Structure formats: structure tokens, C-alpha cells
Amino acid sequence: MKRLLAALALGAFAVTAFAQHNATGVVTRPPANGKVTIKHDPVPSLKWPGMTMGFVVKDKAVADKLKPGAKIEFQFVQEGKDYVVTSVK
């Protein structure tokens, strides 16, 4: 029983740690040194209010879509202490 509970707890952590979050916002600073600044609307999945913050961008194809002033819909994941943009529309 203890092993089952431990496995369930670990599985719940893995799902939470790699959960994909959806947001909308405006690019305020273009990508530089692997980071972009976005003024985003509230993110219900994280219970965040709207704010301006930096996100990591690892994929060049994603970074190329992040122009200052662009209104975007984007998805991101948490990797350690970083929030990484994974796709942009």
C-alpha cells in the first residue's frame, strides 16, 4: 500500500511539473540571451494574475515569432525555476 501511495504521489508531481499552460499577452521585449519579456493576461491554471515577466525561449522557430508589440497566444511549461515558452500563435 505504501508503494502504491508513493507511486501515485510521484505521478501527480510529474504531471504538475510538466503541465502545459496557456496564456495570451503582448511581447514587451524581444528575445535576447534566450529570454523574452511578455505582459500576459491572468493564467488560470497557475492562479496567476496578469503581469509582466520573463520567459525562457529555447526554440529558434518560437523566438522568431516574438516581435515587440506582438499580441500572442502561447503555451509554456515550468522547468525548474524557469518558465519556458513552447509554442506561439
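Trainee: Is Asn 33 buried or exposed, and what is its relative accessible area?

Mentor: Asn 33 is exposed, with a relative accessible area of 84%; buried means under 20%, exposed over 50%, and partly exposed in between, with a 1.4 Å probe and only protein chains considered. This is a predicted model, in which local features need pLDDT of at least 70 and side-chain atom pairs count only at pLDDT 80 or more, whereas totals for chains, interfaces and linings use all residues. Residues are numbered from 1 along each chain as its sequence is written, and side-chain values use heavy atoms, with hydrogens and water left out.

Asn 33 is found in the loop between E1 and E2. Its phi is near 55°, a positive value in a residue other than glycine. Most residues other than glycine have a negative phi. Lys 47 also has a positive phi, of about 60°, although it is not a glycine. The loop between E2 and E3 holds Lys 47, which is exposed at a relative accessible area of 77%.

Helices (H or I, at least four residues) and strands (E, at least two) are DSSP runs numbered from the N terminus. Strand E1 covers residues 21-32 and includes Val 27. Val 27 is buried, because its relative accessible area is 2%. Contact here means heavy atoms within 4.5 Å. Beyond four places in sequence, the contacts of Val 27 include Val 36, Thr 37 and Ile 38, as well as Leu 66, Pro 68 and Ile 72. Val 27 and Leu 66 lie 39 residues apart in sequence, yet their C-alpha atoms are 6.5 Å apart.

On the E2 side, His 40 lies in the strand and is buried, also with a relative accessible area of 2%. Apart from residues up to four places away in sequence, His 40 touches several residues, among them Thr 24, Gly 25, Trp 48, Met 53, Phe 55 and Phe 74.

Five strands close in the order E1-E2-E3-E5-E4, with mixed pairing; two strands pair if DSSP finds at least two bridges between them. Neighbouring strands of the sheet are turned by 55° against each other on average, direction ignored, where axes are lines fitted to C-alpha atoms (for helices over the stretch in contact) and angles in general run from 0 to 180 degrees between N-to-C directions. Six bridges join E2 (residues 35-40) to E3, and the two run antiparallel; within this pair, Ile 38 has Met 53 of E3 as its bridge partner. Strand E3 (residues 51-57) pairs with E5 (residues 82-88) in the parallel sense over two bridges. Val 57 has Val 85 of E5 as its bridge partner, while Val 56 stands opposite Val 84 in E5.

A nonpolar core is a set of buried Ala, Val, Leu, Ile, Met, Phe, Trp, Tyr and Cys residues joined through side-chain atoms within 4.5 Å. The largest such core has 18 residues, of which Phe 55, Leu 66, Phe 74, Phe 76 and Val 85 touch the most other members. Two or more residues come from each of E1, E2, E3, helix H2 (60-63), strand E4 (71-79) and E5. Phe 76 is in contact with residues that include Ala 23, Val 43, Leu 46, Trp 48, Phe 55 and Val 85, leaving aside neighbours within four places in sequence.

For the chain as a whole, there are two helices and five strands, running α-β-β-β-α-β-β from the N terminus on. Buried residues make up 29% of the 89 residues. Of the contacts between residues at least 6 apart in sequence, 44% join residues at least 24 apart.

Finally, a word on confidence. The mean pLDDT, the predictor's confidence in each residue from 0 to 100, is 88 for the chain, and 81% of residues reach 70 or more. Over residues 4-8 the pLDDT is below 50, and this stretch has zero contacts in the model beyond near neighbours in sequence. Residues 12-16 likewise stay under 50 and have zero contacts beyond four places in sequence.
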